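The following exercises are to be worked with the sequence and the coordinates at hand. Each task is followed by a stepwise solution.

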Amino acid sequence: MLRLEKRPTPSKTWSYATPVLAVVLTMIAGGILFAMLGKDPFLAIKTIFWDPLFNEQFASYSRPQLLVKSGPLILIAIGLSLGFRAGIWNIGAEGQYIIGAICGAAVGLAFYPMDAWFIFPLMVIAGALGGLLWAMIPALLKTHFRTNEILVSLLLVYVAEQLLASMALGALRNPEGGGFPGSRNLKQYEAASNPELIANSGMHWGIVAAFIAVIATYILLNRHILGFQIRLTGESPRAARFAGVNPTALILICMGTSGALAGLAGLFEVSGPAGQISIDFNQGYGFTAIIVAFLGRLNPIGILLAGLLMGLTYIGGDLAQFMLGLPASAIQAFQGMLLFFLLGVDVLTNFRIRFGKVEAA
Amino acid sequence: MDLSAINPLVLIASLMVAATPILLAAIGELVVEKAGVLNLGVEGMMITGAICGFAIAVETGSPALGFIASMIGAALLSLIFGFLTQVLMSNQVATGLALTLFGLGLSALLGQGYVGIKPPATHDINFGFLTEIPVIGPILFTHDIIVYASLALIAATWAVLKFTRVGLILRAVGENHDAAHALGYKVVRIRILAIMFGGACAGLGGAYLSLVRVPQWTEGMTAGAGWIALALVVFASWKPLRVLVGAYLFGGITVLQLNLQAAGVAIPVEYLSMSPYLITILVLVIMSSDRSRAALNAPASLGRVFHASS
C-alpha cells in the first residue's frame with residue numbers, strides 16, 4: 001500500500017530534480033500524443049528539441065530565434081514569479097503585454113517622422129507605464145474592495161484584446177496603409193525601432209532587459225528586505241503579518257512590477273520582432289510565461305533556463321509544423337502537459353512515498 | 001440607428017439561450033466550490049466539452065449523443081485536475097490554470113478537422129398551443145431541451161444542497177475538511193466526484209455553445225465564458241438561485257450588446273464587445289466590497305489542501 005508522508009522541510013534535491021523529471025515525463029507523454037497523431041514520436045521530439053539548435057540546415061535561422069522567443073517569456077515570468085511567491089496571482093500578463101505595446105507604440109508613432117535619440121527611451125517608459133497601470137486595476141480593486149485578482153486580471157485580457165483590435169483598426173492605423181488594419185511598421189522608423197544589436201544573434205533590447213531583470217530579481221530575493229518579505233508572505237502569511245509586512249504595499253509592488261515587466265515585453269516585441277500593432281499581435285506569451293515561472297520554480301535562474309527551454313518548444317514547434325505537419329495546437333497541448341507533470345511530480349518535494357501499512361503513532 | 005428593430009420578446013427569449021452555457025458551467029463550479037475545491041479550469045473544460053460534443057454530434061448526426069459525449073469528455077479532463085489536486089496535493093490555482101491552458105490546446109488539436117462544418121440542428125421542443133400564448137409563449141415555450149434541463153439542474157442543485165444528506169455532507173467537506181474526515185467521510189472521494197460533476201456541467205455548457213448558440217466550431221470559441229462563470233459563482237455568493245439571476249443578467253447584457261451592434265449604434269463594435277467583461281468586473285467589485293456577505297458565504301476550506309495525516 002502506497003502512502004504519502006509529509007516531509008518536515010521540502011527536499012532540496014527533489015526541488016532541483018522535479019523540473020527535469022517533469023520535462024522527461026512530458027517528452028514521453030508528448031511522444032505518445034504525437035504517435036497517436038500518426039507521427040514518428042522520436043523524430044518529432046528530435047525536431048522540437050534538437051534540430052532548432054544543431055541541425056545544419058535550420059540552425060542558422062532558428063538559433064537567433066531562440067533569444068527572440070525566450071526574451072519576452074523570461075521578462076514576463078520574472079515579474080509573475082514575485083507575485084506567485086507571495087500568493088498574489090496575476091494571470092493577466094497577456095493583457096498587460098498588449099497594453100504596454102499599445103502605449104509604447106502610440107508614443108513612438110506620435111513622434112513620426114521626427115528623428116531624435118529620446119524617442120525610443122520614451123517609448124520604453126510608456127510601455128512599462130502602460131503595463132503597470134493595467135496591472136494596477138486588479139491590484140487596487142484587491143486592496144480596496146478585496147476583489148479576486150485572478151478573475152479581474154484575466155477578464156482584463158479580453159478587454160485588452162478588444163482594445164488592441166480597436167487601435168489596429170482605428171486610432172493607430174497606418175494612414176498610408178491603404179485601409180488595411182495595423183499600424184505603421186516601426187522597423188522602418190529608425191528612431192522608434194528596437195533592432196537586432198548583434199547581427200544574427202537575435203539579441204535586442206528586450207533580451208538585455210530580460211537578463212537585467214533576472215539579475216535584479218536574484219539580488220532582490222536574496223539580499224533585500226523586500227525579497228525576504230515576499231518569500232515570507234508566501235511561506236507563512238501569518239508570520240508575515242506579525243513581522244510587520246504591509247500586505248497592501250506588497251500587492252501593489254508585486255502586481256505593479258509584473259505589469260511593468262509584461263508591458264516592457266510588449267513594447268520590445270512591437271518595436272522589434274513584430275514591428276507593428278496588428279489585430280493578432282499577441283501570441284500568448286503572457287500565458288506561456290505562467291508555465292515558465294513554475295517550471296523555473298519561481299527562481300530567477302530557474303526561470304532563465306525554463307524560458308530558454310520554452311522558447312525552444314516554440315521554434316521546434318514551428319519546425320515540426322513545417323517538416324512533419326504537426327499541428328500548432330499540438331505544441332500548445334504539449335506545453336499544458338508540461339505544467340501538469342510539473343505540478344504532479346512536485347508532490348515528491350513535499351512528501352515522502354512510504355510503502356506498507358500505516359503504523360500506529 | 002434604429003432601436004425599434006430590437007424586439008423585447010425575442011430579446012428575452014434569446015438571452016435565455018445566451019445565458020445557458022455560463023449558467024451550466026457556473027452551477028457545476030458552485031458545487032465544486034461548495035465541496036471546498038477551487039477549479040480555475042472551467043474555461044478549459046468548457047472548450048473541451050464544446051469540441052467533444054461537436055465532433056460526436058457531427059459524426060453520429062445526433063446532438064443528444066453529442067451532449068452526452070461533451071459531459072463525458074470534460075468530466076474525464078476534470079479528473080486530471082482531481083487527481084493532481086486531491087491525490088498529489090498540488091496547488092489548486094496553478095493546476096486550474098494548467099487545465100485551462102491544456103484544454104485550449106487539446107481542443108484545438110481535436111477540432112482540426114471540424115472547422116467550418118455545420119452541426120446537426122438541435123430542435124426546439126414542440127409545446128403545441130402553449131407557444132401561441134401572447135408574451136409568455138414566445139419567451140418560455142420556444143426553447144430546446146438543454147435550456148429547460150439547465151433550469152431543472154439549478155432547482156435540483158438548490159434542493160439537494162439545502163434539504164438532503166448528500167448536500168449536507170458536501171457542504172461539511174467544503175466548510176471543514178478535517179472535521180468531515182474525523183466523522184468518517186471520504187473527503188478526497190467526495191471532492192473528486194464533485195470535480196467530475198463540475199466538469200460534466202462545464203462540458204455541457206461548452207457543447208451548448210458549439211452546437212446551439214453559435215453553432216459552429218472555432219478555436220478558442222468560449223472566449224472567456226468559463227471565467228465569467230467563475231465570477232458568477234462569486235456574484236451569486238455560492239447560492240444556486242442567484243446563479244440563475246446572475247447568468248440571465250449576463251445573458252441579457254451579451255444579447256443587448258449584440259443587438260446594439262446590429263442596430264448600428266455609434267459606439268465602435270470593439271467597445272461593445274468589451275462590455276460583458278467590464279460589467280463582470282464591476283459586479284465582482286460590488287459583491288466583494290460588501291465584507292460581511294462575501295466572508296459569510298464562501299466555503300471555509302475553499303482552495304485549501306487536504307492531507308489526512310496532517
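Chain A has 15 helices and two strands, where helices (H or I, at least four residues) and strands (E, at least two) are DSSP runs numbered from the N terminus. The model is predicted: local features need pLDDT of at least 70, side-chain atom pairs count only at pLDDT 80 or more, and totals for chains, interfaces and linings use all residues. Residues are numbered from 1 along each chain as its sequence is written, while chains are lettered from A and ligands numbered from 1 in the order in which they are written.

**Exercise 1. Overall form of chain A**

Compare the radius of gyration of chain A with that of a compact globule of 361 residues.

Solution. Step 1: the radius of gyration is taken over C-alpha atoms, and the globule rule is 2.2 Å times the number of residues to the power 0.38. Step 2: for 361 residues a compact globule would be near 21 Å, and the 22 Å of chain A agrees with this. Step 3: along the principal axes, the C-alpha atoms of chain A fill a box of roughly 80 × 55 × 35 Å. Step 4: 53% of the 361 residues count as buried; a residue is buried if 20 or more other C-beta atoms, placed from the backbone, lie within 10 Å of its own, exposed if 12 or fewer, and partly exposed in between. Step 5: of the contacts in chain A between residues at least 6 apart in sequence, 79% join residues at least 24 apart, a contact being two C-beta atoms, placed from the backbone, within 7 Å.

**Exercise 2. Two partners of helix 4**

Describe how helix 4 of chain A packs on helix 11 of chain A and on helix 8 of chain A.

Solution. Step 1: two packed helices are described by the angle between their axes and the distance between the axes. Axes are lines fitted to C-alpha atoms, for helices over the stretch in contact, and angles run from 0 to 180 degrees between N-to-C directions.

Step 1: helix 4 (residues 59-85) and helix 11 (residues 247-271) of chain A pack at about 175°, with axes 7 Å apart. Helix 4 of chain A is therefore roughly antiparallel to helix 11 of chain A (under 35 degrees counts as roughly parallel, over 145 as roughly antiparallel, 65 to 115 as roughly perpendicular and the rest as oblique). The residues that meet include L75(A) and G79(A) from helix 4 of chain A, and S258(A), L261(A) and E269(A) from helix 11 of chain A. By class, this contact has 12 nonpolar, four polar and one charged residues; Ala, Val, Leu, Ile, Met, Phe, Trp, Tyr, Cys and Pro count as nonpolar, Asp, Glu, Lys and Arg as charged, and the others, Gly among them, as polar.

Step 2: the axes of helix 4 and helix 8 (residues 205-223) of chain A come within 8 Å and cross at roughly 35°. This crossing is left-handed, that is, the near helix is turned anticlockwise from the far one by less than a right angle, clockwise being right-handed. Among the residues making the contact are G71(A) and I74(A) of helix 4 of chain A, with A210(A) and T217(A) of helix 8 of chain A. The classes are 10 nonpolar, three polar and no charged residues.

**Exercise 3. Helix 12 and what follows**

How many of the 11 residues of helix 12 of chain A are buried?

Solution. Step 1: 11 of the 11 are buried, so helix 12 of chain A is largely enclosed by the rest of the structure. Step 2: the buried residues include Y285(A), F287(A) and L295(A). Step 3: helix 12 of chain A is followed by R297(A), whose phi is positive, near 50°. Step 4: L298(A), in the loop between helix 12 and helix 13 (300-324) of chain A, has a positive phi near 60°. L298(A) counts as buried, with 22 C-beta neighbours inside 10 Å.

**Exercise 4. The side facing chain B**

Solution. Step 1: 37 residues of chain A are in contact with 43 residues of chain B.
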